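Please open the model in a viewer and keep the sequence at hand.

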Amino acid sequence: MKKTILAVSLLAAGLSANAVENTDVTIAGWGDNDVVVFNKLVNEVLVDTFKQAGLTVKYQAVAGDFSQFITNSLSAGTAPDAFYVDVVFANTLIKSGKLLPNDSRLAGIATHIIPELNAAFTLDGKQFGVAKDFNTLALQYNKDIFDDAEVAYPTNSDTWEDLRKKLLGVKEALADDVTGICVMPDYARFAPVALAAGWKPFNAAGKTVLDANFERAFNFYTGLVTTDKVGILATDLSQSWGGGCFGTEKTAVTIEGNWIGGFLRDKAPNLIYGTTLLPKDAVTGERGNLLFTVAWGINADSKNIEAAQKAIEILTSQQAQEWVLASSFALPSRQSLGKSTFFAQKNAENELAKQVFDGSLEGHVEPFAFGNYGMEWMTPINDALNAVMLGQMTQKDAIKMAQAKYDAMMAK
């Protein structure tokens, strides 16, 4: 009898030990607000789920250049078990061999993710990581300005030409007080116009060719400033981005992502605005957009690969992503959440989020990524846009200059 009691006691002790035994998983990401969001998600929303899975998840916040940190730590063998994979640098990390391809568990999760997000982290038929959240671009418009000008609000059925005409109407009515749009001389805001026109950043041969579709989009975009005079540079309003211009109520519209919602809530609380999808191209009948996204990726050299996979599975679960959406920190990557009641709420920020979410589902949507070239790939286009808007070059000469730079870049 004593032996039986002893055996049962030992078994109970063993089960108890197994129940509390945890595996530590370290995940690296950005600092600032990401620290608050991650810790709340892990330590409050998902605390019981992680406990049941036997995981203790720790967040390693990285200040400064995150891509440099990941590159150096992977090379040195000191990288965390999992980490943010920004789509801009995904190609480089994949080719390093240090980013683990998805196993069957993570591939199963990916079936619930917006397809364009999966494609952004796929190379040579293999997917790496699971998109955690994303942004696209949408059009925000100041309702009071359009009302004062007696011009119809922008709508989801507008073409870029329709928008141009509405901005001309605003200019005609209110020229002394406001302008139409703060036009940013950079690829990150120009790209949707070019993509809608049917241009592709890389052709079948992997080259960047500024073709007739590009030229038509380029001429339209720069013409808002140089010809139509409905566009203004951010610096002319002592601002650094479109949201800053829009917040001054000196521009009728801007093109930004979901991030503008919190900014306007804090900096321009009395501004009454609406949001639409980006306009279509009148010729192609299509929209264009960019995907700004980050995935959870796994260190191929981690000693805790299985635990890291479980952690990512939990972090991209329906429960986790519903909380992300309701908290308005970011837009979740699960496609099913497009039908969330959150988007049906009738206020400016919820409408903004809905249009940004839907921007990933229609038209020519490209990731904000540039193959092996990194951020420097944008420089020729940015230089061309800037030269035209500052009156330094003609549109034709600027495009010719940019093409020469791409030819030289890709001849290396």
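**A pocket and its surroundings**

Begin with the second largest pocket, which has 23 lining residues; F202, P367, A369, F370 and G371 lie nearest its centre. A pocket here is an open set of points on a 1 Å grid over the protein atoms alone, where a 1.4 Å probe fits, with protein on both sides within 12 Å along at least five of seven lines; lining residues have an atom within 4 Å of a point.

This is a predicted model, in which local features need pLDDT of at least 70 and side-chain atom pairs count only at pLDDT 80 or more, while totals for chains, interfaces and linings use all residues. Residues are numbered from 1 along each chain as its sequence is written, and side-chain values use heavy atoms, without hydrogens and water.

Next, select helix α5, which gives the most to this lining, with four residues. Helices are DSSP runs of H or I with at least four residues, numbered from the N terminus.

Within α5 (residues 90-96), select N91. N91 is buried, at a relative accessible area of 15%; buried means under 20%, with a 1.4 Å probe and protein chains only. Beyond its neighbours within four places in sequence, N91 is in contact (heavy atoms within 4.5 Å) with L123, G371 and N372.

Finally, select helix α17 (residues 379-389): eight of its eleven residues are buried, so the helix is largely enclosed by the rest of the structure. Those buried residues pack against α10 (187-196), α11 (212-226) and α18 (395-409). Just after α17, G391 takes a positive phi of about 75°.

Note on methods
Helices (H or I, at least four residues) and strands (E, at least two) are DSSP runs, numbered from the N terminus. Buried means under 20% relative accessible area, exposed over 50%, partly exposed in between (1.4 Å probe, protein chains only).
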